[in-house]
Amino acid sequence: MKVSEITVFEAARHMKLEQGEYDPAEVEIYLDAAKEYVADYVGIPQFASDGEESLDDHAKFSIAVLVLCQEFYDNRTIYASKNKVNEVLKTILFMHRKNLV
């Protein structure tokens, strides 16, 4: 399966959510965020242009997207403390931070 072929239904099925048990709009947010996270992390765009490499060229990225969807869903609330930071959240924020102080 290609990354671009993963639907909200397939992501929810991977997360073992039954129809009516989840908000499709919420799962779509996690799915879009997971795709963007993988693209940013590996430096490969989601969509190819003019023969450029894309996430769809690597089947294993579909697994990463589905695993991240599950992670985002399972950890949709955060408890902040000085000693413990959610690693996924930290990585997302650090990938895009501008203040390197």
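Tyr37 and Phe72 are both buried, and in this predicted model the two residues form an edge-to-face aromatic pair, with 6.4 Å from centre to centre and 75 degrees between the planes. Tyr37 belongs to helix H2 while Phe72 belongs to helix H3, which spans residues 60–74, so the pair ties together parts that are 35 residues apart in sequence. The protein chain around this pair has four helices and zero strands, and its pattern, read along the sequence, is α-α-α-α.

**Aromatic residues**

- The structure holds three aromatic pairs, one of which joins Tyr37 and Tyr41 in a stacked arrangement, with 6.1 Å from centre to centre and 5 degrees between the planes.
- Both of these tyrosines, Tyr37 and Tyr41, lie in helix H2, where they are four residues apart, or about one turn of the helix.
- Tyr37 counts as buried because its relative accessibility is 12%, which falls under the 20% cut-off for that class.
- Tyr41, by contrast, counts as exposed because its relative accessibility is 58%, which is over the cut-off of 50%.
- Taken together, Tyr37, Tyr41 and Phe72 are linked by ring pairs into a cluster.

**Charge on the surface**

- Four residues, Glu28, Asp32, Glu36 and Asp40, form a negative surface patch.

**The loop between H2 and H3**

- Ala59 is found in the loop between H2 and H3, and with a relative accessible area of 54% this alanine is exposed.
- Although Ala59 and Met1 are 58 residues apart in sequence, their C-alpha atoms are 6.2 Å apart in space.

**The chain as a whole**

- The protein chain contains 101 residues, and buried residues make up 30% of them; Tyr37 and Phe72 are among those that are buried.

Technical notes: Residues are numbered from 1 along each chain as its sequence is written. This is a predicted model: local features need pLDDT of at least 70, side-chain atom pairs count only at pLDDT 80 or more; totals for chains, interfaces and linings use all residues. Side-chain values use heavy atoms; hydrogens and water are left out. Patches are made of residues with over 30% relative accessible area and no salt bridge: like charges are joined within 9 Å, nonpolar side chains (Val, Leu, Ile, Met, Phe, Trp, Tyr) within 5 Å. Accessible areas come from the Shrake-Rupley method with a 1.4 Å probe; for residues, only the protein chains shown count as cover. A salt bridge is a side-chain nitrogen of Lys or Arg within 4 Å of a carboxyl oxygen of Asp or Glu. Lys and Arg count as positive and Asp and Glu as negative; His and the chain ends are not counted. The place of a charge is taken as NZ of Lys, CZ of Arg, CG of Asp or CD of Glu. Rings of Phe, Tyr and Trp (its six-membered ring) pair if their centres lie within 6.5 Å; planes under 30 degrees apart count as stacked, over 60 as edge-to-face and the rest as tilted. Helices (H or I, at least four residues) and strands (E, at least two) are DSSP runs, numbered from the N terminus. Buried means under 20% relative accessible area, exposed over 50%, partly exposed in between (1.4 Å probe, protein chains only).
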